Amino acid sequence: MSLVSLLIFLFCFPVHAASVSLEQIEVVAEKEVSDFSFTRSRKIPVHKLEAETIGTLSQVLDDEPSLILNQNGGPGSRVSFFLRGTESRHVAFTLDGMKINDPSNTDRQFDAAFFTLPFLKEVQVHKGPQAVLYGSDAMGGLIELKSRKGENAPETRFGIRGGSFNTTETYLSSDWKISKHEGTFTANRFLTEGISRLNEKRFQSKEKDASEISQFTSSSSHAWSGQVSTELLGSYLRGKNELDGGTDDNAHDESTNDQYVLQQKTELRLSERNAVSLRNGFNRHQRYIDILSRGVETFDGNLMQNEILHKFQEEKIQLLSGLSTEHEDFRTTQAEVRSFDLHSLFLQSALTSGDFKFQAGGRAETHTRYGEFFTGSAGLAYELEQSIITLQYSQGFKAPSLYQLHGPFGNDALIPEVNHSWEASWTIFNEQSQLEATLFQNRLSNLITYSFTEARYFNQGRFIAEGLEISNKYRQDSVEIQAGYTYQQFRKEEETVLRRPQNSLQGGIAFFPTEASEVSLKGRWFSSRKDFNSVGGVAKLNGFETFDLGARYYFASRDMDAGLQLLNLLDREYEELFGYSVMPRSLFAHVGITF
């Protein structure tokens, strides 16, 4: 079948199928992962985001079971995410469907150090590859960020957060609506003196490393008619922190990161069963690293995305097809401009038959450097009374970054990394509780690693990450209990697997004395892990546990709320990364006013 014939089939065949008279269904041409995958997912709603007393994305994701966060210092320091044993660069991040991984980064991973919460209405964590819908980068999982678009208009919210280390944050968020047009504008400013980025015991470091963040975001939706609507998104973020590293925490090196995101999405509803959307987006990162011993180094990365989707939906079947193009370019002070193009065609289907649900999909891609390759997924779910059993197979991949190919340590012989993932789960639920047990396996190969001896990147790694996740959520009257345990082991590894503990346990209990108040206690425990030491060898980092105590109260009119969090309640000293500090016992508070 030629490409033209395939496009005609994907985009036109469902239109003829829509002539059958069926019940009313509102069809939206969006890539909703939960519609086409049985991988375990979790939604973090807006009221949880607003309850945080440190308004950064990394803080709210730290409670997600099996998602391991490593931060090299206090608030504003770089954050890495490890999901089900995969590498931190294997987790893709999207904002309203657009990839926001950092093309100026050495391995194109997303850095959540500076990303703030006030303009978000929801965060979704999807475990397992999502390459059919999102392509490269979503090799280990996907974290979706969804912006507010005037849902509470007319409303304005003003908030103040602050606490230890002279941390202050102010934000103003306004929801507006004019006829069939509505949106949200948010401005946010975060400042902290921070803590010493390097560990005092190992390096006798005492100087505080400050961070500051400014973020402005506008997100809106516009209904031009019953059939045509448009969504617009614009965001600018500047993050700056002291980046003292090595073994000297007093060098006053600094890092500045500017991020620009622009996107438009236009949707056309062709019929009751069919919708088409066109998305155009631009994601730009500029990094300036001022190292006193070397001067200023710049890293510029741009990602332009264009995508057209077609969605067909009836009562028992959904078909989502799409065409997308990505253009990425990268430049540093040490390398000229380099770029590549990625063209993709994908089809994802979901079918319900009685108590069974099926999904299958595939994505064909053409890379200007690597030619053609294919990824696929398939899944089966069976619902029996108050339980669901699922089986999911997914493929994922990640193309080498332009830095890994052409940077000062680059290797133009690199090939894409690959993941073959299996997942089986059993969920039991009722009105009060939900219990989940999941077995997973990720078979990773062609992994890109850095050789210290040859000072180059190589495809020289592989390993199998497999394990078990158990989670439970229980709510009864004024008490809510959540707990999650993850066990993961690594087999056939060719290189030492770093920074991922074998066991982790996260849980919490929340008590609601009244409808307007909440008191909570959260705890996390991680077993030992391995990391590189300061001379290039491998060190063992001890396991640790931490507890956080929090409280929140809504005033009588519910137009004002206040919260308090005591983090690291027991003041534990531990390391997530070798030689880097973690926050000691610290106190943060917030006040929000809605008018």
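With 595 residues, a compact globule would have a radius of gyration near 25 Å. The protein has 24 Å, which agrees with that expectation. The model is predicted. Along the principal axes, the C-alpha atoms fill a box of roughly 75 × 65 × 45 Å.

The secondary structure comes to seven helices and 31 strands. Of the 595 residues, 55% count as buried. Contacts reach along the chain: among those between residues at least 6 apart in sequence, 62% join residues at least 24 apart.

Whole-protein values are set out below.

| Property | Value |
|---|---|
| Radius of gyration of the protein | 24 Å |
| Box filled by the C-alpha atoms | roughly 75 × 65 × 45 Å |
| Distance between the mean positions of positive and negative charges | 1 Å |

The protein carries 60 positive and 78 negative charges. Their mean positions are 1 Å apart.

Now to one residue, T192. T192 sits in strand β10, which covers residues 181–192. Its relative accessible area is 5%, so T192 counts as buried, the cut-off being under 20%. What does T192 contact, leaving aside its neighbours within four places in sequence? The partners are P75, F165, N166, T167, A210 and S211. The side chain of T192 also has a polar atom 3.1 Å from the backbone nitrogen of G194.

Terms used:
Residues are numbered from 1 along each chain as its sequence is written. This is a predicted model: local features need pLDDT of at least 70, side-chain atom pairs count only at pLDDT 80 or more; totals for chains, interfaces and linings use all residues. Side-chain values use heavy atoms; hydrogens and water are left out. Helices (H or I, at least four residues) and strands (E, at least two) are DSSP runs, numbered from the N terminus. Buried means under 20% relative accessible area, exposed over 50%, partly exposed in between (1.4 Å probe, protein chains only). A polar contact is a pair of N or O atoms within 3.5 Å; within protein, one must be able to donate a hydrogen and the other to accept it, and residues adjacent in sequence count only if both atoms are side-chain atoms. Contact means heavy atoms within 4.5 Å. The radius of gyration is taken over C-alpha atoms; the globule rule is 2.2 Å times the number of residues to the power 0.38. Lys and Arg count as positive and Asp and Glu as negative; His and the chain ends are not counted. The place of a charge is taken as NZ of Lys, CZ of Arg, CG of Asp or CD of Glu.
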